[in-house]
Amino acid sequence: MKKVLIIGSGIAGLTCAIECAQRNMEVILVSPFSSERSQSVLAAGGINAVLDNCDPGDSIDCHIDDTLKGGCDIAGKSAVTGLCESAPDIIRWLTKIGTVFTNDADGNISRRAFGGQSYKRTCYCGSSTGKQIVTALVMEARRLEGIGRIKRRLWMDFHSALIRDGRCFGALFFNESDYDIEVITADSVVFATGGQNALFGKTTGSILCDGYAEGRLLMQGVKLKNLEFIQYHPTTMETSQKKMLVSEAVRGEGGRLYYEENGKRVYFMEDRYGERGNLMPRDIVSGCMAETGRDIFLDISFLGKERILDRIPEVYELCKKYRGIDISKESIPVAPSVHFFMGGIAVNNSHESNIGNLYAIGECASIYHGANRLGGNSLLAAIYGAKMAAASIERSESKAFSADFGSELEMARMELQTLKSSKSPFPVVYIRYMLAETMKETLGIVRDEASLKKGLEEVSYYLSVADKIRYDSSEFAYFGYSLSGILTLAKAVLTSALFRRESRGSHIRSDYPDTEEGFRAATIVSYDEGRIGTELDTEGAYEN
Ligand SMILES: Cc1cc2nc3c(=O)[nH]c(=O)nc-3n(C[C@H](O)[C@H](O)[C@H](O)COP(=O)(O)OP(=O)(O)OC[C@H]3O[C@@H](n4cnc5c(N)ncnc54)[C@H](O)[C@@H]3O)c2cc1C
């Protein structure tokens, strides 16, 4: 029986575990926290699919076109085609395993308008779509766990991959329950570790998604892709803990963006793009907001309290709870913040990386979204990619191995010991805080060569002191050993942004404002003894 190790238990990891188990594989699903604490539960607005009851004129081809156009011509066409074609089946599957979608009066799944889409095709569960999907997936995974097909392991942080001769045989983990390093070997290893939020400190997402796995894998020879494309969501609200997302569903229900000038409201998106201005793709809306240099507000009050409570109850509650704003009476002060990472581990259509037996799915993989993701396509991609990876693993050849990973285990244990006895004056949390400040300042919505070089200089300095950090026993060890991987990833992100001398999608360069034909390809990043290499994937090795 094939043994599959899946790291990360959000929507992507859970789906892959279920699919592999149903294909008679032995599955180990590993994460530090339960699925109920994954970022996936935060997903609010919905998941895209062209269903039988679609708007007149809508079609799967149109979903494909919108996705490719939203991605600014650098998402893989066949990958996106597969994604959109599978969407209706994915919604049927989700319903079958118990996801409760909001229905219309005729009993059909309701759909709402989302940014960058020509028709209403975002299926939703109130404004807690992610929570509903995770709940259904957890129930299904538990059923398979009950019959011995899935084994879930909690309190396990990824440490490093076990790679020999270009193939992956498993991974090392820091086990938080006994503070030791543990080896798990497998025929195939799937990474489903989510986005890179910790690079930027406060974002709309979970700080538990820190990008460490991507950084460490890069250092171990795995290629990354399109790291410069970082989505700033246009409508977020400042709170003490995080940037609170004001779901795109608000604009889907008719919400209008404006700023005030001489006591009058200027609806700048509608002025520039007409009726659908507020629902332009996120890169365009955020870019326009930055260009105004003003305080921006979002108004949905005209919908009336009854409809607001019916259509977007969670948004009403969030604004009331965290900012004391009654959105049925007042506008919401909003600003763009880091929300999603189009870049990640470079994978082909079967979700294989450049290392044998090593797969990546969900937000940590880069394939479907090009230079900008459309709202509602991420949950879809997480589920579709997981199914593609499971099918590919089933087809793959299972080669017996007899390697002994004792030396890797010993080295990782020694690394932990060194951290504990280090006497340097640099506490980990301080460097992580400094990193976030650097990234926010130098890699904002609009960047240029000078700011990116400054960012690189600062991150290189943090890296030079990373192995001299002071280990504080009140911080758990993961914080200590993950630092160099996170910093290496940050360096790779800045290097990619410097390399792409054009503006495309979410990557806006004030010094290169035009989109250049010569850059119509993905950026591939590699690592060689501390040096980050960048090249364009002009041959389409990772997308076709
Ligand atoms: C506020 C918000 C609202 C959103 N709304 C929508 C929406 O309406 N529609 C949509 O399509 N998308 C939406 N998104 C995006 C979408 O939710 C995510 O892209 C998607 O859920 C990612 O799923 P995932 O399984 O890849 O990762 P996650 O759900 O982030 O799961 C990652 C898993 O990896 C684990 N992990 C992380 N690091 C390590 C490590 N070092 N070792 C071991 N395990 C690790 C985590 O514990 C977790 O289990 C939203 C995002 C946010 C932040």
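D66 counts as buried, at 6% relative accessibility. The model discussed here is a predicted one. The side chain of D66 meets that of R121 in a salt bridge, with 2.9 Å from N to O, and R121 is likewise counted as buried, at 0% relative accessibility. Because D66 belongs to helix α2 (residues 60–70) and R121 to the loop between β4 (111–112) and β5 (122–123), the pair ties together parts that are 55 residues apart in sequence.

This pair belongs to a total of 34 salt bridges in the structure. Side chains of opposite charge can pair when their charged atoms come close. R256 and E270 form another such bridge, their closest N and O atoms being 2.7 Å apart. Here strand β14 (residues 256–261) contributes R256 and helix α7 (residues 268–273) contributes E270, so that distant parts of the chain, 14 residues apart, are linked. R256 counts as partly exposed, at 28% relative accessibility. In the salt bridge between D511 and R509, the closest N and O atoms are 2.9 Å apart; D511 is partly exposed at 32% relative accessibility, whereas R509 is buried at 1%. A network of salt bridges links E19, R23, K387 and E394.

The cysteines may be considered next. A disulfide is a covalent bond between the sulfur atoms of two cysteines, and a search of the whole structure finds zero of them. C16 is buried, with a relative accessible area of 0%. For C168, the closest cysteine sulfur is in C364, at 13 Å, again too far for a bond; C168 is also buried, at 0%.

The ligand is surrounded by 37 residues, of which the closest are S40, G45, E363, S378 and L379. This shell divides into 16 nonpolar, 18 polar and three charged residues. At least two shell residues come from each of α1 (11–22), β7 (156–164), β17 (332–341) and α11 (377–395). A polar backbone atom of L379 is 2.8 Å from an oxygen atom of the ligand, and a backbone N or O atom of A192 lies 3.3 Å from a ligand oxygen. A polar side-chain atom of Y478 lies 3.1 Å from a nitrogen atom of the ligand. Taken alone, the ligand exposes 1,000 Å², and the protein buries 97% of that.

Definitions and conventions: Residues numbered from 1 in each chain as written. Predicted model: local features only at pLDDT ≥ 70, side-chain atom pairs only at ≥ 80, totals over all residues. Heavy atoms only, no water. Near = heavy atom within 4 Å. Polar contact = N/O pair within 3.5 Å; in protein donor to acceptor, adjacent residues only side chain to side chain. Areas by Shrake-Rupley, 256 points an atom, 1.4 Å probe, with all protein chains shown as cover. Helix = DSSP H or I, 4+ residues; strand = E, 2+ residues; numbered from the N terminus. Nonpolar A, V, L, I, M, F, W, Y, C, P; charged D, E, K, R; others polar. Disulfide = S-S within 2.5 Å. Buried < 20%, exposed > 50% of the residue type's maximum accessible area, 1.4 Å probe, protein only. Salt bridge = Lys/Arg side-chain N within 4 Å of Asp/Glu carboxyl O.
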